[in-house]
Structure formats: structure tokens, C-alpha cells
Amino acid sequence: MNNIKIEAMKNLLSHLTLTVVVLFSLAAPSLAQTSVKPKLNLADEIEGLVLPAKFKATVLAENLGKTRHIVITPQGGIYVRLAKPVNNRGTLFLQENKGKAIVKTGFGNYGGTGIYIKDGYLYSSSNQEVFRYKLNAKNEVINPDAPEKIVTGLIERWQHETKSLVLDNEGNIYVNVGAWLNSCQEKDRQRGSMGIAGCPMLDSAGGIWMFKADKLNQTYGDGVRYATGLRNVVGLDWNQQNNQLFVMQHGRDQLHDIFPDLYSVQQSALNPAECMFALKKDDNAGWPYLYYDVAQHKNILAPEYGGDGKIAADPKYLEPAAAYPAHMAPNGLLFYTGNQFPEKYKNGAFIAFHGSWNRSPEPQAGYFVVFQPFKDGKPSGDWEVFADNFSGSPQKTASGRADHRPCGLAQGPDGSLYVTDDSKGSIYKITYNK
């Protein structure tokens, strides 16, 4: 390697100082606290991402639009949803060729997030509807201009409108319907405004709804409110190891702004935790009546409903399976079942944290993909940063001026990990070199 290249790599490394992140993971029955520093791999620094040793990242595509969730076919084809259509195409189909992913076609003049393949169909969602497309033997959409409508009339308000989805093994489809208020106040996000008694919006939002995957034109009346008390879920996946739905909730905002007499600016920046929940039918995770406190490691009664930052919430509500630092926006969840990565990753969960905007005066955080070990279908041990530096530098992370923001996750047929970025429209492929 010549001196110019060596000097260039030294300069690059000098600008990529890794910060120690205080991390939290569930070690039943309480959360354990640890510090994790990702290992540096020079080759992957040059590609832009910081990864553990022997992992490599390749940028397959760029500037596609706001790429959200993604699925990979057994043949290696890539379907990706766009938050907003580009050239009247809200879903793109790409194929890899010599280290790049080429757009072959696109369809569906609607934006959205959710996408999933199951039993010969491609399922996708707008912010109000769920569609499905019949696939051929190569897992290519047969008639992209004539999708079947599976669910119609889902609520779309001014925030938390995206509809993520996943299917189980019994012919059911699960859809997130986010709450359109921060904490169900009488006056949303207004100082001192108290919570609405009984939070009536929970009848139609703030939870997961279950529908039949093969029944057309379903509405709320045809579905089942599977779980409630979830402010907003963007990342979700079906854990095949214990046949259960897992979700990542976006925690509430602005504890100090709304109740400055109860919370300092710093307390508000560091709370509440972003939580992983393992859901069963009729579970109630407790939003808006509670939040999970990072330092106290327990559910705390929300101030809108009489809490003061110390009063514990009613124990009838579901405890999180794992908890993570505040305001990092978990947008993708994937259980890894492949064989390419080392054994420690098998059946564990990858989580894409989109990044924060509201941790001031603390530095902003997130903009990375983390790995949560699992054992026997449950979180086990500390989580760790797996893929970092999507933002471009520690300085860009701290200020919230990220170049890229991870959103969707998918596993390829060879066990590779795919990550989307909905800021610059990139798709990354992460592989392991034994």
C-alpha cells in the first residue's frame, strides 16, 4: 500500500473517534447496564460504516428516495418501500449485479413503510391501507397494477401515521396503528395539560391490530385489537423461535417541556427508554399512563395522569422485554436466522435506530444498528452497537445532522444483512468474511 493511501486512512481514522455509549439490556428480572465500544475494522471505515472485525459493508444503491422497510426474496431480489412515491412508484424491485443493486421495476403509486413476503404474496402498506400482490415462482409480482386490498380505512392523522406490518404462521397479519398524540393530553404537547380520562383514542389507535391475511377489504370492525398501550411501533418482527410478536416502541417526548416543575432538562433528555415488547393477545403496554424510566428500571406513572417522576405505575401493565436509551427512534427489528454470521448472532435481534432529535442538552444519539442477544426466545445479556457511523461522524451524531439514518432491516438468502437509509435513499449490504 503506498504512502498516500496510508496517510489518507490515518486522516479518516482521526475523524472517526468512537464514543462510549451507555447501554441497557434486560437481564431478568431487571435491566443491566454496560458500556460497549464497537471494534474498528479499517476496510469498513473506508466504506463508511464501523463494524465488528471481519464484517464488510457494501453500498448497493443510493438516491432511491426515502427507503423504508425492505424484504429480500429467496432468489436475492430486493423489494423496498418508499415513504413517498418517486416517479409514481412507491415500491421498487431491484436485483444485484456485481456489487450494485439495479432498479428493475417499480409499482404502486402510494407511499408507506410496511412490506412483507409470505405464502406466495407480497404485502405492502400505505398509511391507510394494506395491499397484497401475487408472486410467481421467481417471487416477482405478476400483476403490479392490480393489487388486492386487504385492509382499508386505517387512521392517518398528523403524526405516527406509518403502518408497519408482519405476518404470523397462522394466516394473520399484524398492523401498527400509531397514536396521533404524544401522551393523550387534552391539549397535545402543551405545558401543564393533563391526560384525557380513559384516553378514548385507544379504541382505534395506539396499538397493534390483527387481520386475516387472505380476506379482502377489511376495516377496523373486521380486525382484532391484538395489543394496546403502544404509542407508536415502526419496527416489528415475528420471532420464529417462540412463535411470538415482538415490537419496538417509540417512547413519549417532552417531559420537561410539559412539566418543568417535575423534570429537569437533562431528565427529559434521558427518559423515557425506548422499549422492546414481547406481545400476546390482549396485552396492554400502558401508554399513555406510564413510561419506562431508564435510571429507576421500572414503569413510572405518567405526569399527565398524576405522576411525579417517582410514583410506580400500576403493575397490571406489561413490562418491557428490554429497554434502550431514550429518543433514539427504533424503526427496524429483525430476528436473524441465517448461518453466515457467527453463532452468537443466531436467533438474536438486530434493531435499526433512526436517531434522535430531542435529547438536548445531551448529545443526540442513535443513527446505528444494534444487536440484542437472545436465548430461548428472550433477550439475554447486554446489547451492543453492530453497525455505526451512518451519521458520518461523531460530531454529526451529537448535533443530529446525520448523513444517513438507518430504517429497515432484512436478511438475504445467504444470511447477509440489508439496511435501508431513508435520508439519502441508500441500501447497505453487510456480510461476514470468515
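This is a predicted model: local features need pLDDT of at least 70, side-chain atom pairs count only at pLDDT 80 or more; totals for chains, interfaces and linings use all residues.
Local features need pLDDT of at least 70 and side-chain atom pairs count only at pLDDT 80 or more, whereas totals for chains, interfaces and linings use all residues. Residues are numbered from 1 along each chain as its sequence is written, and side-chain values use heavy atoms, with hydrogens and water left out.

Visitor: How many residues does the largest nonpolar core hold?
Guide: A nonpolar core is a set of buried Ala, Val, Leu, Ile, Met, Phe, Trp, Tyr and Cys residues joined through side-chain atoms within 4.5 Å. Buried means under 20% relative accessible area, exposed over 50%, and partly exposed in between (1.4 Å probe, protein chains only). Ile173, Ile208, Leu230, Leu245, Val247 and Leu279 touch the most other members of the largest core, whose residues number 52.

Visitor: Which residues are in contact with Ile173, leaving aside its neighbours within four places in sequence?
Guide: Contact means heavy atoms within 4.5 Å. With those neighbours set aside, the partners of Ile173 include Tyr123, Val130, Leu165, Val166 and Leu167.

Visitor: Which strands stand at the edges of the open sheet of four strands?
Guide: Strands (E, at least two residues) and helices (H or I, at least four) are DSSP runs numbered from the N terminus, and two strands pair if DSSP finds at least two bridges between them. The order of this open sheet is S4-S5-S6-S7, with antiparallel pairing. Each edge strand has a single partner strand, so one side of each is left without a neighbour in the sheet; these strands are S4 (67–72) and S7 (100–107).

Visitor: What is the torsion about the S-S bond of Cys184 and Cys199?
Guide: A disulfide is a pair of cysteine sulfur atoms within 2.5 Å, and the structure holds one. Cys184 and Cys199 are joined with an S to S distance of 2.2 Å, and both lie in the loop between strand S13 (172–177) and strand S14 (207–212), 15 residues apart. Cys184 is buried at 1% relative accessibility, as is Cys199 at 1%. The disulfide is right-handed because the torsion is about 105 degrees.

Visitor: Where does Pro361 lie, and what is the omega of the peptide bond from Ser360?
Guide: Pro361 is placed in the loop between strand S24 (349–353) and strand S25 (368–372). Ser360 and Pro361 are both in contact with Val265, a residue of helix H4 (residues 265–270). The peptide bond from Ser360 to Pro361 is cis, with omega near 5 degrees.

Visitor: Is Lys98 buried or exposed?
Guide: Lys98 occupies the loop between strand S6 (89–97) and S7. Its phi is near 55 degrees, a positive value in a residue other than glycine. With a relative accessible area of 83%, Lys98 is exposed.

Visitor: What is the relative accessibility of Asn243?
Guide: Asn243 is found in the loop between strand S16 (233–239) and strand S17 (244–249). Although Asn243 is not a glycine, its phi is positive, at about 55 degrees. Asn243 counts as partly exposed because its relative accessibility is 41%.
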